[in-house]
Every structure is written in structure tokens, then in C-alpha cells.
Amino acid sequence: MNNEKLFIFFGATGNLFTEKIFPAFYHLIRRGKIDNFHILAIGRRFADEKSYQSFLYQSLSNKIPELDSSVLDHLFQKTDYYQGDIDDPQSLLSFLAEYHLKNYQEILFYLSTLPSIYARVLQLIKRINEYIPSKITKKIIIEKPFGYDKKSFIHLNQLFNKLVPERNIYYVDHYLGKDTVQNIIVLKAENWFIENLLSAGYVKEIHIVVSEKEGVGSRGNFYEETGAIRDIFQNHLLQLLSLIAMDIPPLCQEDKIECSSFLNSMQQKKIEVIQNIKLPDAKQVFLGQYQSYSLDASNPFSKTETFIRLPLYISSKRWSGVPFWIITGKKLAQKISYIEIIFHSTTTNENRLIIEIQPEEKIDLVIQAKIPGMGLSSSSVRLNFNSLGTFGINSPEAYENIIIDCFRGDKTLFPDSQFILHSWEIVDQLRELINKEQIKVEKYADTFYHAEDFINSKNNAENY
């Protein structure tokens with residue numbers, strides 16, 4: 001057995017692998033972060049490895065202007081391609097029987113496919129396991145959405161647990177791979193005054209915003225099944241809320257990556273938050289759909305929401321009465337994601353802590369400072385941090401962090417099954433409220449509104 005770990009990618013000719021995952025491997029090799037691995041890419045689109053490599057080369061060239069051919073050649077040497085169809089698995093199984101799976105230290109199955117075929121891929125993995133000795137560690141990595149409701153997630157999780165133990169299941173929410181999101185943990189754990197300020201005694205309200213300029217594009221059929229609630233609210237937004245609202249456990253000084261007690265404590269604290277989330281009155285829930293969505297979805301009668309805005313409340317002493325405003329939408333005027341914490345203030349100029357996730361990864365603290373000159377006139381100023389300006393380097397892409405964490409076995413920022421289960425309970429409750437109160441989906445103009453427009457007119461949904 002060698003010391004290499006094998007990634008087996010299903011759906012390796014799809015958009016996710018070619019646009020996000022494969023470029024992440026390129027950057028990790030270029031930075032010397034990973035080497036003892038091998039990739040088996042399984043897809044249907046290309047008949048041979050040469051055609052597949054040509055496609056990947058063109059894709060990377062479009063994304064990386066100064067492509068290092070030596071790095072790419074090294075990555076190609078570590079990548080095998082097999083044209084296979086999960087609905088015709090016998091030829092793939094025959095191929096794998098000769099692939100020497102038993103020679104690897106660890107095998108990571110990565111499902112970069114449509115969620116609708118997860119169950120069939122898992123059945124195939126079950127048969128592949130017959131060729132892998134039990135002593136070899138096996139992991140399963142899966143992309144959101146994790147089912148469509150609580151019931152479907154329970155079924156999916158049961159399928160996973162028949163193949164690998166819970167500790168070897170990695171539920172990927174790429175937002176949690178972003179450095180600024182990870183920085184929330186350090187910001188709270190190692191700046192104790194901030195952790196203490198994040199409470200009802202000091203905080204007036206919190207805005208958690210994911211604003212997208214693009215529409216659904218060619219993903220209309222997919223979006224008809226999910227909508228903004230399942231696509232963004234159930235995972236990204238509830239994860240961000242739990243990170244900012246949880247009681248942060250102390251970081252392990254001996255080893256912040258491997259300390260299992262910190263990992264277990266953090267997962268439990270996040271679950272405590274999500275278990276105590278309460279929905280608002282129906283009149284505070286606003287659902288929207290951008291004007292041209294019905295054309296993108298090829299459904300003139302679609303009632304699918306592409307925008308959602310509502311406050312969530314946490315029934316705990318720490319957060320009693322503080323609204324967490326959740327705002328997400330497509331075809332807005334700006335692409336930006338951030339958490340904005342607004343503090344109680346004695347003036348109209350409020351103190352704010354802003355954690356921007358994209359397009360920049362930065363943290364701003366807005367305070368009041370005296371304007372130079374006579375008198376006590378003040379103005380708002382920003383104390384700013386960003387990785388490039390402070391450390392002289394850009395943050396790695398989210399999928400670089402995700403791949404490294406899966407490779408090393410670090411699950412700190414991967415949601416566990418209990419968190420996902422409770423998040424689906426909230427979604428199911430919200431869906432029930434929408435249906436019961438017959439909350440309508442309102443139209444809004446394409447790329448006209450900023451997310452802030454919806455925040456500043458929280459009680460004026462009829463304006464849209």
C-alpha cells in the first residue's frame with residue numbers, strides 16, 4: 001500500500017468539478033499544499049482521456065491567465081479519466097476491479113452530481129466497496145442541497161451510514177470554506193470583548209445578506225425544485241446565523257485543527273442555536289421573484305421564490321428580542337454577501353460590525369470619531385481589515401479549504417447531520433407557514449434593487 005489518497009469524482013465533466021474543484025487542486029499543487037493524492041474522474045461527456053484533458057486545459061486557461069504548464073502537467077499525471085454511466089455500472093465495476101483500489105491509504109468518494117441521482121450513486125459506491133479492503137478508510141463527500149425536506153434528508157443520511165460511519169461523511173457548504181467565514185470563529189474566540197458584545201444588551205439587530213446579480217441562467221429546472229429557501233436559506237444563511245450567534249467554545253491552544261473537544265463543542269453550540277430559532281409572524285415574511293424568472297424557468301405560471309426576506313429570533317437570554325434579518329435574492333443590483341451587526345447607539349450614527357464575505361473578504365468596524373478642528377463634531381469612520389492589505393496575500397478559494405479539510409479529516413466547518421436535520425425542520429415550518437397564510441410571491445424588477453432597499457423598507461413589501 002502506498003501513502004496516497006484516492007479521490008473518486010462522480011460527475012467529473014460537470015460544471016462544479018471543472019469550474020471549482022479542479023482549479024482548486026491546481027492552486028493547491030502550485031502552493032505546495034497537497035501532493036500525495038490521486039484523482040479518478042468519472043463522467044459521461046468525453047470518450048477518452050486526451051479529449052478530457054484538452055477540455056480541462058481550455059477551462060483552466062479561461063480562468064487562470066498565467067497558467068503554469070508544469071503544475072498542470074503534474075496534476076494531469078495524477079488524474080485518470082473514465083467514461084462511465086452510473087445507470088450502466090458493470091463496465092465501471094470491471095474497470096475498478098483492475099484499478100488496484102487496495103493500494104491506496106484512503107478513498108474519498110466525491111458526489112459532484114445532480115442531487116436527484118445521489119441515491120443511484122450511493123448504490124454504485126456500495127458495490128465498489130466490495131473491491132476495497134475494510135481496513136482502508138472510506139469517506140463520502142456530498143454537495144448541498146442535502147435532500148428536499150426533513151424526511152428526504154433522513155433517508156439520505158441512512159443511505160450514507162450504511163456505507164461509512166458518520167465521522168466520515170462530509171456535507172459540503174462552500175460558504176463555510178471561505179476564509180472570512182472561518183475568521184468568524186477566531187474573531188469571536190480570540191477577541192473576547194467582541195464575543196461579549198454580541199448579545200441582546202448591545203446588539204439592536206443583525207442583517208445576514210446573500211445578494212446575487214445573476215439569475216438562475218440554465219438552472220431553471222433545478223431552481224423550480226428548490227427556490228431560494230432550499231437553495232440558500234436552508235444552508236448558507238442558517239450556517240452564518242449559527243456561527244455569529246453561538247456561544248463560542250475556547251480554541252484548543254495545543255492544536256487548533258485537531259482538537260476534537262473544540263470540534264464537538266462547536267457543533268453542539270451551533271445545534272443549540274438552531275434548535276432555538278423561532279419564525280416571525282407571516283406579515284414579516286416577504287417572498288419575491290425577479291421579473292424575467294418565468295422565462296428562465298420556461299414556466300409562465302411559476303410561483304417559485306427567488307428572493308426571501310424575514311426576521312428570525314432566538315429564544316435564549318443572550319439573544320432575547322434581537323431580530324436576525326435574513327435577506328437573499330437573485331437578479332439584484334449588486335453581488336455581495338455580508339453579516340452586518342448593528343449596535344444600540346445614543347446617536348443616529350450607529351456603530352456597526354460588518355463581515356463581508358464577497359466580493360471582498362474583509363471586516364469593518366464602524367465607530368464615531370472627532371472631526372479635526374474645534375468643537376466636538378464627529379463622523380463615522382471605518383476600522384478595516386482584509387487579508388491582502390494586511391498579510392499581502394489573497395485568501396485561498398473556498399474549495400481549496402474544502403479539499404484540504406476533507407484530505408486531512410478536519411470537520412470543523414462541515415455541518416453535521418443533526419444541524420442539517422434541525423435546519424430542515426425550520427424550512428418545513430416556514431413552508432407550512434407560507435402555505436397556511438397563503439403568502440404570495442411578489443414580482444420585482446431585474447437588477448434594480450439593492451439588498452439594502454429591502455432591509456430599509458422591512459415593513460413595506462407592497463412597494464415591490
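Student: In this predicted model, which elements are among those that cover the buried residues of α2?
Tutor: The buried residues of α2 are Y52, F55, L56, S59 and L60. They sit on the same side of the helix, because their arc around the axis is only 130°. What covers them includes α1, β2, α3 and β3.

Student: Which exposed residues does the opposite face of α2 carry?
Tutor: Take the face turned away from the buried side of α2. Exposed here means over 50% relative accessible area. The exposed residues on that face are K50 and N62.

Student: Which residue caps the N-terminal end of α2?
Tutor: Look at the backbone nitrogen of K50. A side-chain oxygen lies 3.2 Å from that nitrogen. The capping residue is D48.

Student: Where is the kink in α9 centred?
Tutor: Helix α9 spans residues 220–245. Of its 26 residues, 23 are buried, so α9 is largely enclosed by the rest of the structure. Its kink is about 90° and is centred on G227.

Student: What is omega for the peptide bond from K144 to P145?
Tutor: P145 is in the loop between β5 and α6. The bond from K144 to P145 is cis. Its omega is near 5°.

Student: Is T447 buried, partly exposed or exposed?
Tutor: T447 is in the loop between β16 and α15. Its phi is near 50°, a positive value in a residue other than glycine. The relative accessibility of T447 is 39%. Buried needs under 20% and exposed over 50%, so T447 counts as partly exposed.

Technical notes
Residues numbered from 1 in each chain as written. Predicted model: local features only at pLDDT ≥ 70, side-chain atom pairs only at ≥ 80, totals over all residues. Heavy atoms only, no water. Buried < 20%, exposed > 50% of the residue type's maximum accessible area, 1.4 Å probe, protein only. Helix = DSSP H or I, 4+ residues; strand = E, 2+ residues; numbered from the N terminus. Arc of directions from axis to C-beta. Contact = heavy atoms within 4.5 Å. Polar contact = N/O pair within 3.5 Å; in protein donor to acceptor, adjacent residues only side chain to side chain. Bend = angle between axes of the 7 residues up to and from the residue.
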